[in-house]
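Open the model in your viewer and keep the sequence panel beside it. We will go from stop to stop, selecting as we go.

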Amino acid sequence: MTRATESFMTLGIAAVVYLVLFFGLIPLPEVIQDKIVPVFPWWSLMTFGSYSLGYLGWHVMTFSDCPAAYTELMTEIQQAKADLRSKGVNL
């Protein structure tokens, strides 16, 4: 199975379980049925968003510099500028 198929299958199963709980096909205590199940998708979305922002922020904060990649990129930029100048483009 590809990763996309696996993801869609997991999402589909989660949606079916949520709909079964939302429509009360499986009996739950009244507090859970009335107060938790209706807001669960929003809670899941907020949890996922918070995790994603934290993950992204942590990796941006701990991003390590790559001096070799920097020099290679600057060399390529200089070569591109020289090539454009040789073709008559004013930079």
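How many aromatic pairs does a search of the whole structure find? Four aromatic pairs turn up. Please keep in mind along the way that this is a predicted model.

**Stop 1: an aromatic pair**

A pair of aromatic rings is described by the distance of the centres and the angle of the planes.

**Stop 2: the nonpolar patch**

Switch to a surface view and colour Leu19, Phe22, Phe23, Leu25, Ile26, Leu28, Ile32 and Ile36. These residues form a nonpolar patch on the surface, and their accessible area together is about 740 Å². Which helices each supply at least two residues of the patch? They are helix H1, residues 3-22, and helix H2, residues 30-36.

Click on Ile32, one of the patch residues. Ile32 sits in helix H2, and it counts as partly exposed because its relative accessibility is 33%.

**Stop 3: along H1 and past its end**

Go back to the cartoon and select H1. How far apart are its end C-alpha atoms? They are 28 Å apart, and this agrees with the 28 Å that 20 residues should span at 1.5 Å a residue.

Next, pick Gly24. Gly24 follows H1 and has a positive phi, near 75°. Its place is in the loop between H1 and H2. With a relative accessible area of 37%, Gly24 is partly exposed.

While Gly24 is still selected, draw a distance line from its C-alpha atom to that of Glu72. The two residues are 48 apart along the chain, and their C-alpha atoms are separated by 61 Å.

**Stop 4: the salt bridge**

Select Asp83 and Lys87 and show their side chains. The structure holds one salt bridge, and Asp83 and Lys87 form it, with their closest N and O atoms 3.6 Å apart. That distance meets the cut-off of within 4 Å. Of the two partners, Asp83 is partly exposed, at a relative accessible area of 38%, while Lys87 is exposed, at 62%.

**Stop 5: the whole chain**

Zoom out and clear the selection. The chain has four helices and zero strands, so the pattern read along the sequence is α-α-α-α. Why is the chain described as more spread out than a compact globule? Its radius of gyration is 26 Å, well over the 12 Å that the globule rule gives for 91 residues.

Turn the model to view it along each principal axis: the C-alpha atoms fill a box of roughly 75 × 30 × 30 Å. Finally, bring back the surface. The accessible surface of the chain is about 8300 Å², and carbon and sulfur atoms account for 71% of it. As for the interior, 3% of the 91 residues count as buried.

Technical notes
Residues numbered from 1 in each chain as written. Predicted model: local features only at pLDDT ≥ 70, side-chain atom pairs only at ≥ 80, totals over all residues. Heavy atoms only, no water. Patch = residues over 30% accessible without salt bridge, like charges linked within 9 Å, V, L, I, M, F, W, Y side chains within 5 Å. Areas by Shrake-Rupley, 256 points an atom, 1.4 Å probe, with all protein chains shown as cover. Buried < 20%, exposed > 50% of the residue type's maximum accessible area, 1.4 Å probe, protein only. Phe/Tyr/Trp six-rings, centres within 6.5 Å; stacked < 30°, edge-to-face > 60°. Expected span 1.5 Å × (residues − 1). Rg over C-alpha atoms; globule rule 2.2 N^0.38 Å.
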